[in-house]
Amino acid sequence: MISLNGSSLLSNTGISTSFSQSRRNVPSSPSIVMVAQSNNNPNRKEKKIGAVSSNGSTTSAAVNEIKEIDCKSTIASGGVQDFYGEDQATEDQLVTPWTTSVASGYSLLRDPHHNKGLAFSEKERDAHYLRGLLPPTVVSQDIQVKKMMHNMRQYKVPLQRYMAMMDLQNMNERLFYKVLINNVEELLPVVYTPTVGEACQKYGSIFRRPQGLYISLKEKGKILEVLKNWPEKNIQVIVVTDGERILGLGDLGCQGMGIPVGKLALYTALGGIRPSASLPVTIDVGTNNEALLKDDFYIGLRQKRATGQEYSELLDEFMSAVKQVYGEKVLIQFEDFANHNAFELLAKYRKTHLVFNDDIQGTASVVLAGIVSALKLVGGTLAEHTFLFLGAGEAGTGIAELIALEMSKQTKAPIEETRKKIWLVDSKGLIVKSRKESLQHFKEPWAHDHEPIRNLLDAVKSIKPTVLIGSSGVGQTFTKEVVEAMSSFNEKPVILALSNPTSQSECTAEQAYSWSNGRAIFASGSPFDPVEFNDRVFVSGQANNAYIFPGFGLGLIMSGAIRVHDDMLLAASEALAAEVSQENYDNGLIYPPFSDIRKISAQIAAKVAAKAYELGLATRLPQPLNLVQYAESCMYSPDYRSYR
């Protein structure tokens, strides 16, 4: 017989199991009990599946006879029966992992998707066999949030806070998102830039529990099966990296997984995408980082990076498998690929998949929004300004192209003309026509007529830009001389130091304000504390991609878009710029506060979705009458659910 007595006890086995409603559409009654057969126990007879009603009796229609089990040779010391023969097995003998298909009681407290900790009500504790497994007090989710933040603030080292947040995510998913949403300005630098960079560098050392899918060269030819191993089937957004260019830190190989995990946490917290609809993926083709290859704690393939055909075939197989498993409308976000792969992958798949490169397109959209906002402070139209970039990689050229597109849209001039207002400096100096034969293809549109210039300072003095943008990944390159030169011919120089993490920023907020005598309009990629200068407090903006990609992704998903169009990026920029208030401008800010990010994301999602419908790329029909309200209604809520 099979009975339920607090936790279910398989007759004569000594093995306890527990039952509750499964989150994958398993009916609450009858519950399913799965008994797996041990591979190494010759006395164990045939496995059977039985159905148990909620009152503990076996249901005659559903029950297959559970044959008698001979347990004579499975008695372990102390009289406890070794039902699966595990105590008798040696390390080279096989045993079968055994589990139930649903969870309650102790298992429920270990399930991050359903665990509520001390917030389980008295009724829930009775219904789900939690009596005695929790202290007697019942506390609200708000008190849990307060406690978590109290504990979080005790940590002085940012990486400790990061690890505490990841532990919380693995223990209580809804509480994790509640804490993050309610304290987004304080915790954004913890779960993402800049702390996530250090986390990736040390990922092997701090690795505790796998998150996401690791697809390596070992899985070549089997990626379709690997994707099917992921427990969630209704995936709407995938963030994928190959770890070759993590922030400004370089090749971190398999340890780049911290980036997709962090990005998808923000997709949920800031854009309302359901956690169960998100999938972090790392493509591991090796690493050229010698320190990691020699590190005992490194978790990836210990080989040099695969390139060429081997690399392309693995990515092709992955992209094909994703479409086959999750369909046409799954959003695939490329993250932190090296320049030579980032542009090629985006160009290759944007016509066949719903793909988005946050480093190229997301960065461009958020920076364009900041520039449009800055015009309210410095005056003039976009076409009346001159732009100079330090850095001509995927971020720099992506931003430059979107500025040129917006300028073309406003002036009706060909984009070839508007590009001439934008200049780029790379490691070899100003990009000019005389260098064209040696340039990478994505730099060629920015090669203008000008004599060669080797360094940034001379380029600033010659070009006389009104806007200086850093995307070089090299810290302290906006020197005092550069900022002073910008200030000599601009009343309000716009200086955007975008490289991440903080250590790689082209200059600090304090340097920008002090060297410009308090006249700079400054924003950065990583956060900086307010700066006091000449009896005035300057609060700098953060050109963080988190302003754009969560709302952008929500807009694509809620409209059922099948492709990403550049006009959607322009729409996202315009929506973000429109959210900057006069009070923000009065404080010198060109971005709105992150405390309003969910409302901002809803506005961005609505504009992106509207553009998808306008371009005929939306498939969810008919179009909702109020897209902002619809976006807000689609957003995931981290509030606890009540259980039957």
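How many disulfides does the structure hold? The count is zero. A disulfide is a covalent bond between the sulfur atoms of two cysteines. Two cysteines may be described in this context. Cys-200 is buried, with a relative accessible area of 0%, and Cys-254 is likewise buried, at 3%. The model is a predicted one, and the values reported below are computed from it.

The protein chain has 644 residues, of which 56% count as buried. Its secondary structure consists of 24 helices and 19 strands. The accessible surface of the chain amounts to about 28,200 Å², and carbon and sulfur atoms contribute 50% of that area. Among contacts in the chain with a separation of 6 or more, 69% are between residues 24 or more positions apart.

Backbone geometry was examined next. Most residues other than glycine have a negative phi, and most peptide bonds are trans. The peptide bond from Thr-193 to Pro-194 is cis, its omega being near 10°. Pro-194 is placed in the loop that joins helix 6 (184-191) to helix 7 (195-201). A cis peptide bond also runs from Leu-621 to Pro-622, with omega near 0°. In this case the proline, Pro-622, sits in the loop between helix 23 (597-614) and helix 24 (627-634).

Positive phi values occur in residues other than glycine as well. Tyr-129 has a phi near 60° and belongs to the loop between helix 2 (122-127) and helix 3 (141-152). With a relative accessible area of 27%, Tyr-129 is partly exposed, because it falls between the 20% limit for buried residues and the 50% limit for exposed ones. Asn-517 also has a phi near 60°; its location is the loop that connects helix 19 (509-515) with strand 16 (521-524).

Helix 19 itself contains Gln-511. This glutamine has a relative accessibility of 17% and therefore counts as buried, the cut-off being under 20%. When residues up to four places away in sequence are not counted, Gln-511 touches Gln-476 and Ser-516.

A buried asparagine is found in another loop. Asn-115 lies between helix 1 (106-109) and helix 2, and its relative accessibility is 7%, so it counts as buried. Leaving aside residues up to four places away in sequence, Asn-115 touches Leu-108, Leu-109, Phe-120, Met-171, Asn-172 and Tyr-640. Of these partners, Leu-108 and Leu-109 fall within the range of helix 1.

In the pair formed by helix 3 and helix 5 (residues 173-182), the axes come within 10 Å and cross at roughly 70°. Helix 3 is therefore roughly perpendicular to helix 5, as angles from 65 to 115 degrees are classed in this way. The contact involves Gln-141, Asp-142, Gln-144, Val-145, Met-148 and Met-149 on the side of helix 3, and Arg-174, Leu-175, Lys-178, Val-179 and Asn-182 on the side of helix 5. The crossing of helix 3 past helix 5 is right-handed. An α-helix has 3.6 residues a turn, so residues three or four places apart point the same way.

The second pair comprises helix 10 (residues 258-271) and helix 23, whose axes come within 8 Å and cross at roughly 90°. Helix 10 is thus roughly perpendicular to helix 23. Helix 10 contributes Thr-268, Ala-269, Leu-270 and Gly-271 to the contact, and helix 23 contributes Ile-597, Arg-598 and Ser-601.

Helix 20 (residues 549-559) is mostly covered, with 11 of its 11 residues buried.

Note on methods
Residues numbered from 1 in each chain as written. Predicted model: local features only at pLDDT ≥ 70, side-chain atom pairs only at ≥ 80, totals over all residues. Heavy atoms only, no water. Helix = DSSP H or I, 4+ residues; strand = E, 2+ residues; numbered from the N terminus. Buried < 20%, exposed > 50% of the residue type's maximum accessible area, 1.4 Å probe, protein only. Contact = heavy atoms within 4.5 Å. Areas by Shrake-Rupley, 256 points an atom, 1.4 Å probe, with all protein chains shown as cover. Disulfide = S-S within 2.5 Å. Axes fitted to C-alpha atoms, helices over the stretch in contact; angles between N-to-C directions. Parallel < 35°, antiparallel > 145°, perpendicular 65-115°, else oblique. Left-handed = near helix turned anticlockwise from the far one by under 90°.
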